[in-house]
Amino acid sequence: MKNAKTGPDPAAGLICPVPIAEYKNVLLAHGGGGRLTQQMVRKMFLPSFKNEYLEPLHDGAVVPFNGMRMAFTTDSYVVNPIVFPGGDIGELAVNGTVNDLAMCGARPLYLSAAFIIEEGFPMADLWRVVLSMQTASRKAGVELVTGDTKVVDRGKGDQIFINTSGVGRIEPGVEIHPNRAKAGDKIILNGPIAMHGIAIMSVREGLEFETRIESDTAALNDLVMTMIGAGRDIHVLRDPTRGGLASALNEIAETARVGITISEDRILIDEEVKGACEILGLDPLYVANEGKLVAFVAPESADRVLAAMRGHPLGKEAAVIGEVVGDHAGTVVMKSRIGGYRVVDMLSGEQLPRIC
């Protein structure tokens with residue numbers, strides 16, 4: 001096809017790999033961490049930028065540098081409201097990127113921060129966010145070494161968005177990767193789920209409980225280093241943020257082509273979180289977490305790693321919630337409290353937009 005004025009049409013013959021017949025425009029669900037996010041990443045971004053570091057779809061890229069292995073990651077934070085029970089967008093932006101590095105088995109070292117601020121945003125609120133990031137960085141033992149600031153017109157943003165990137169170093173002998181999940185691996189979760197998502201929703205919906213539900217946002221790097229010190233046979237780490245525990249397990253099952261079986265009665269959920277999920281019609285397996293991780297550990301090392309986790313403040317409620325099995329590859333199955341089984345699929349739509 002030719003354009004009479006400009007010559008060959010550069011778009012002629014191109015076919016968008018995302019099924020735009022169903023989704024002609026981007027939906028909130030494309031950023032929800034579930035099936036639509038995966039579809040967009042795997043069909044559009046991955047083939048467009050394909051390389052050996054991107055292809056594993058890890059929480060960060062593991063790249064060689066001067067004889068070492070470094071982890072490199074980036075994430076953006078658009079949470080609404082920007083201040084919520086247990087944290088704010090600044091703390092979340094630091095902890096989230098620190099955790100992405102930690103899930104690669106890396107010791108986080110340096111962060112960058114880019115701020116997109118709407119004109120009119122109160123300077124006092126910006127100061128609160130900055131101080132929160134300062135505190136979170138010091139607590140995680142990382143330094144914020146570079147950044148950028150942009151201000152957009154009033155009404156063209158939503159208060160403040162933050163992007164953080166980070167690099168960390170991976171010690172020799174540490175091999176943590178989503179495709180390393182193997183039959184027999186024990187799956188360990190470090191505590192109760194769904195707290196972050198429900199803390200956000202309680203503010204949005206004006207819900208009040210007997211005790212305040214707070215976000216679990218936390219930097220997990222020290223816990224991960226404790227785990228690695230207890231056993232190098234940790235095959236996979238993943239923080240179940242957007243899309244919750246269910247989507248994280250499905251991503252690993254698909255990447256490693258293994259079956260996963262979990263037990264409902266081993267997954268901790270606080271009673272008030274459970275009640276809020278029932279009121280809001282949410283399945284806690286799909287609600288976001290910001291201070292939780294799942295570890296796939298070789299069976300001979302699982303008890304040792306579990307004991308080390310329970311000795312850490314962020315892992316004191318850790319439990320084995322399931323294992324990797326040799327059948328139903330690519331599928332997560334949950335044994336219910338009454339003994340039945342059901343498939344736990346990846347989140348297909350959007351339960352909670354703007355959650356992180």
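A residue is termed buried when its relative accessible area is under 20%, exposed when over 50%, and partly exposed in between (1.4 Å probe, protein chains only). The model is predicted, so local features need pLDDT of at least 70 and side-chain atom pairs count only at pLDDT 80 or more, whereas totals for chains, interfaces and linings use all residues. Residues are numbered from 1 along each chain as its sequence is written, and side-chain values use heavy atoms, with hydrogens and water left out.

Helices (H or I, at least four residues) and strands (E, at least two) are DSSP runs, numbered from the N terminus. Of the 14 residues of helix H2, 13 are buried, so this helix is largely enclosed by the rest of the structure.

The count of salt bridges, each a side-chain nitrogen of Lys or Arg within 4 Å of a carboxyl oxygen of Asp or Glu, comes to 15. In one of them, Lys 186 and Glu 323 meet at 2.9 Å, N to O. This pair links distant parts of the chain, with Lys 186 in strand S10 (residues 186–189) and Glu 323 in strand S14 (residues 319–325), 137 residues apart. Lys 186 counts as partly exposed at 26% relative accessibility, and Glu 323 counts as partly exposed at 30%. A network of salt bridges links Arg 35, Glu 254 and Asp 345.

Disulfides, defined as pairs of cysteine sulfur atoms within 2.5 Å, number zero in the structure. For Cys 104, the nearest cysteine sulfur is that of Cys 356, 17 Å away. Cys 104 is buried, at 1% relative accessibility, and Cys 277 is buried at 2%.
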